[in-house]
Amino acid sequence: MDRALAELKDRLGQLTDLRRTEGLLLWDMQVFMPAGGGPTRAAQLATLGGIIHERVVDDRFGELFAELEPYVQSLRHDSDDAALVRLAQRDWDRARRVPKELTVEFAEVSAQSYEAWVKAREASDFAAFRPWLERVLDLRRRYVECFAPYDDPYDVLLEDYEWGMRTAEIRGIFAVLEPELRELVAAHASDEEDAFMRGPFPIAQQEALSRELVERFGATWDQFRLDTTVHPFEITFGLGDVRLTSRYAEDDLLSLFTAMHECGHGLYEWGVSPTLERTPLCTGVSATLHESQSRLWENVVGRSLPFWEWFYPRVRETFPTQLGSVSLEDFHRAINRVRRSHIRVDADETSYGLHVILRFELEQRLLSGELDVEDLPDAWNTRFEELVGIPVPSDALGVLQDAHWSGGGFGYFPTYLLGTVLSVQIWGKARAEIPDVEEQIGRGEFQPLHEWLRENIYALGSKFTPAETVERVVGGPIDPQPYLAYLRDKFGAATPA
């Protein structure tokens, strides 16, 4: 039994190394690679994807699982070894249903598609991106068919990000949220301009403030990086190698919220128990749990009044010409103002969910064939105006704004809103167990909150299913009502526009 377990861990360790190497190539492609490197990088990713697939589906895993079954049955459900075997067998079972040829083709096409998306977004030209999206969508449909029969094709893609959850559950949660969010936006959206928020804010100073925030939240620069990219993201290559990315513009301070968002992802990965290193357990358990952390640090903490009572003096000191005469109250009101806007990542807390609901609906229609790719911009624009209340002036501000579809990331978008909802539930538990957490935040003291999150969420990695993890942390399933109460409490007292 010891020999079989050691062999399993060795094989899984090698696979973890290969997957992290694959991630390193993707990170470089989006951060440092010159534009001319696209074709060869796509070939490299396809080659590596094929090697990883061959190793994942090796019959030897099945033999090891059979040998280890009596041992696993003798363990507690929460033991590291039992969790490792459960997750590895799940991954093995799923991977064996997908042909290597499809895996290789998808890796190459998605890399090429990303490069095409970058250019199309810059030119605001959906027609240039359309053939690539059609190829990616076809590959996703072929992937879905590997898992037939299924109740809903979207369930198959959702399983890669939020395993165990079904599309019908998300529809039910979003059906509760949509009318409430639309009502909040209609009641409180304002066209008032806060001229002081248009800067200019020199990029070097923005980056310095972003790094200060990341460090204050608990990260250390011997184990973190912060770089720039077109569409910000976080990726981890080991417990001591966390990569954050951001983007900057001189006419806003959104980079500060991006830094907090990506830092939340990074702290989650960084906080996994060292006992799980070089195993498939050494990562956040689901996209929803991950987004709960990015959104908690970005919004629940980062848009709160106590936070800015601490940090606004630093920001005003950095930009005295732009903000020297602006009060804390006016600044805090400006960063929380309900405003109809086109870009999801820039949206306020009330309208953000409507951006996600739009994408969730369109993904299902694309996958089922109800909506053709060529009709996607019109469908986007029509539904966006219905949900948010403003027309879409260009593809760059509409259908081309996100990188996800270029890489085949269908199924991820709903987890942004699910994570946002869950972040408030988690915050409620943290406040109950750290009664003075808001006073601590007001003093710039984040260690107690960080430690609570690490102990209750981060250290677990992927030992439990997403549903089990949520149950352990908040005592029940994802519930939209605490989130809606949070929004009403925050915005309900505002004078409607």
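**View 1. Thr 469, a buried residue of helix H20 in the predicted model**. Thr 469 has a relative accessibility of 1% and therefore counts as buried, the cut-off for that class being under 20% relative accessible area. The residue belongs to helix H20, which runs over residues 466–474. When residues up to four places away in sequence are not counted, Thr 469 touches Val 285 and Leu 289, and also Leu 460 and Phe 464.

**View 2. Val 392 in the loop between helices H16 and H17**. The loop that holds Val 392 lies between helix H16, residues 376–388, and helix H17, residues 413–433. Val 392 counts as buried because its relative accessibility is 15%, and buried is the word used for values under 20%. Val 392 and His 342 are separated by 50 residues in sequence, while their C-alpha atoms are 7.0 Å apart in space. His 342 is also one of the contacts of Val 392 once neighbours within four places in sequence are left aside, and the others are Trp 380, Asn 381, Phe 384, Leu 397 and Gly 398.

**View 3. The packing of helix H8 against helix H21**. Helix H8 spans residues 167–188 and helix H21 spans residues 480–491, and the two pack at an angle of about 5° with their axes 10 Å apart. H8 is therefore roughly parallel to H21, a description that applies to angles under 35 degrees. From H8, the residues that take part are Ile 173, Val 176, Leu 177, Glu 180, Leu 181, Leu 184 and His 188, and from H21 they meet Pro 480, Gln 481, Tyr 483, Leu 484, Leu 487, Arg 488 and Phe 491.

View 4. Taken along the principal axes, the C-alpha atoms fill a box of roughly 70 × 50 × 45 Å. Of the 497 residues, 57% are buried, and among the contacts with a separation of 6 or more, 75% are between residues 24 or more positions apart. The accessible surface of the chain is about 20,200 Å², and carbon and sulfur atoms account for 50% of that surface.

Definitions and conventions. Residues are numbered from 1 along each chain as its sequence is written. This is a predicted model: local features need pLDDT of at least 70, side-chain atom pairs count only at pLDDT 80 or more; totals for chains, interfaces and linings use all residues. Side-chain values use heavy atoms; hydrogens and water are left out. Helices (H or I, at least four residues) and strands (E, at least two) are DSSP runs, numbered from the N terminus. Buried means under 20% relative accessible area, exposed over 50%, partly exposed in between (1.4 Å probe, protein chains only). Contact means heavy atoms within 4.5 Å. Axes are lines fitted to C-alpha atoms, for helices over the stretch in contact, and angles run from 0 to 180 degrees between N-to-C directions. Angles under 35 degrees count as roughly parallel, over 145 as roughly antiparallel, 65 to 115 as roughly perpendicular and the rest as oblique. Accessible areas come from the Shrake-Rupley method with a 1.4 Å probe; for residues, only the protein chains shown count as cover.
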